[in-house]
Amino acid sequence: MTKQEKLHSILRDDLNKTYVSEDGEILKYLNPAYLSGDNEKYMQLYNKLAPLYDFGERWIGWLKYGNTVAKMRSEMMQLLEWKQGVKVLYVSVGTGKDFNYLPKSVDKKSLDIVGVDISIGMLWRAQKVWKHKLNLSLVNCAAEDLPFVDNSFDVVFHVGGINFFSNKERAINEMLRVAKPQTLLMIADETQDFIESQYKKNSLTKKAYADAHFDLSEIEKAIPEIVLNRQTHYLWDNRFYAMTFRKP
């Protein structure tokens, strides 16, 4: 089965075909119902930042933080339950930076990975970097409306973005819906302290984040009570949080 055939085998039958098209190797499913408010604002921001995003973290980030960002990403990826040959969903995949930090015990090419993001610019960057390195399918969609059937993925995680999703609760419920039973999920993003010290002072992002305020309790309340083994992990000197929980 080809990569495209594998992807189409897990797409929902009820998709409104008006919003589904093929653009190169990136599947587009942008439902207008989820493209307003913060979703629209940050989609436009990251479309603009995409060409410089990896450069910013690699060089500017290294000059300011050294190898601590890489260490944090590695620790974060270790929180998930990786196995050879599993089907993986990365929500808000961005340029795919975290694929560099998958556990060395897992053969990356054995994984069947789907990456979704609301920013087409970030997805083009991910495709350019990872096209020949991973078995990766990319989908341009909102996290609140994932176009996949129930119980599709063995590993589901999200890094960066949920702090300012238009509908956090719906996005989390969507991730749970498409995860297989007993899957351990992870949701991770920056803490308010880092938003204040980084995004509100960076010339490229300070306008978009000028009035942004994030309360971790919003994420905690958005996770359904039915989940199991809920834990909150603080990484990178409390600049980042990662919440893990298991689907019943």
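Reader: Is lysine 180 buried, partly exposed or exposed?

Author: Lysine 180 is partly exposed, with a relative accessible area of 30%. Keep in mind that this is a predicted model.

Reader: Which side chain does lysine 180 meet in a salt bridge?

Author: The side chain of aspartate 154, at 3.0 Å from N to O. The pair links distant parts of the chain, 26 residues apart: lysine 180 sits in the loop between H5 and E7, and aspartate 154 in the loop between E5 and E6.

Reader: And how accessible is aspartate 154?

Author: Aspartate 154 has 28% relative accessibility, so it counts as partly exposed.

Reader: How many salt bridges are there by this rule?

Author: The count comes to 12 salt bridges. One of them joins the side chains of aspartate 150 and arginine 177, at 2.8 Å from N to O. That pair also links distant parts of the chain, with aspartate 150 in the loop between strand E5 (136-140) and strand E6 (155-159) and arginine 177 in helix H5, 27 residues apart.

Reader: Is aspartate 150 buried or partly exposed?

Author: Partly exposed: the relative accessible area of aspartate 150 is 46%.

Reader: What else does arginine 177 meet in a salt bridge?

Author: The side chain of glutamate 174, at 2.8 Å from N to O. Glutamate 174 and arginine 177 are three residues apart in helix H5, so about one helical turn separates them. Glutamate 174 counts as buried because its relative accessibility is 8%, under the 20% cut-off.

Reader: What happens at the start of H5?

Author: There, a side-chain oxygen of asparagine 167 comes to within 3.4 Å of the backbone nitrogen of glutamate 169.

Reader: What about the nonpolar core? How many residues does the largest one have?

Author: The largest nonpolar core has 43 residues, and those with the most contacts inside it are Leu89, Val114, Val116, Phe148, Ile172 and Met175. Among the elements that give two or more residues to this core are helix H2 (37-65), strand E4 (112-117), helix H5 (168-178) and strand E7 (184-190). There is also a second, separate core of 35 residues, including Met76, Phe99, Tyr101 and Leu136.

Reader: Why would nonpolar side chains be together like that?

Author: In soluble globular proteins, nonpolar side chains tend to be buried together.

Reader: What does leucine 89 touch?

Author: Leaving out residues up to four places away in sequence, leucine 89 touches Val114, Val116, Leu146, Phe148, Phe153, Val155, Val156, Phe157 and Val178.

Reader: New topic: lysine 247. Where is its place?

Author: Lysine 247 lies in the segment after strand E9 (240-246).

Reader: Buried or exposed?

Author: Buried: lysine 247 has a relative accessible area of 13%. Its contacts beyond four places in sequence include Asn151, Leu176, Arg177, Lys180 and Gln182. Glutamine 182 is 65 residues from lysine 247 in sequence, yet their C-alpha atoms are 5.0 Å apart.

Reader: What does the side chain of lysine 247 reach?

Author: The backbone oxygen of alanine 179, at 2.5 Å.

Reader: Which strand is joined to E9?

Author: Strand E8 (residues 228-235) is joined to E9 by six bridges, and the two run antiparallel. Leucine 228 has arginine 246 in E9 as its bridge partner. E8 and E9 form a hairpin with four residues between them, and tryptophan 236 in the turn has a positive phi of about 55°.

Reader: And aspartate 54, where is that?

Author: Aspartate 54 is in helix H2. Aspartate 54 is buried, with a relative accessible area of 11%. Its side chain makes a polar contact with the side chain of threonine 95 at 2.7 Å. Aspartate 54 also touches Lys97, Arg125 and Val129.

Reader: Last one, the chain overall. How many helices and strands?

Author: Seven helices and nine strands. Of the 248 residues, 54% count as buried. The chain exposes about 12100 Å², with carbon and sulfur atoms supplying 50% of that.

Key: Residues numbered from 1 in each chain as written. Predicted model: local features only at pLDDT ≥ 70, side-chain atom pairs only at ≥ 80, totals over all residues. Heavy atoms only, no water. Buried < 20%, exposed > 50% of the residue type's maximum accessible area, 1.4 Å probe, protein only. Areas by Shrake-Rupley, 256 points an atom, 1.4 Å probe, with all protein chains shown as cover. Contact = heavy atoms within 4.5 Å. Polar contact = N/O pair within 3.5 Å; in protein donor to acceptor, adjacent residues only side chain to side chain. Core = buried A, V, L, I, M, F, W, Y, C linked by side-chain atoms within 4.5 Å. Salt bridge = Lys/Arg side-chain N within 4 Å of Asp/Glu carboxyl O. Pairing = 2+ DSSP bridges.
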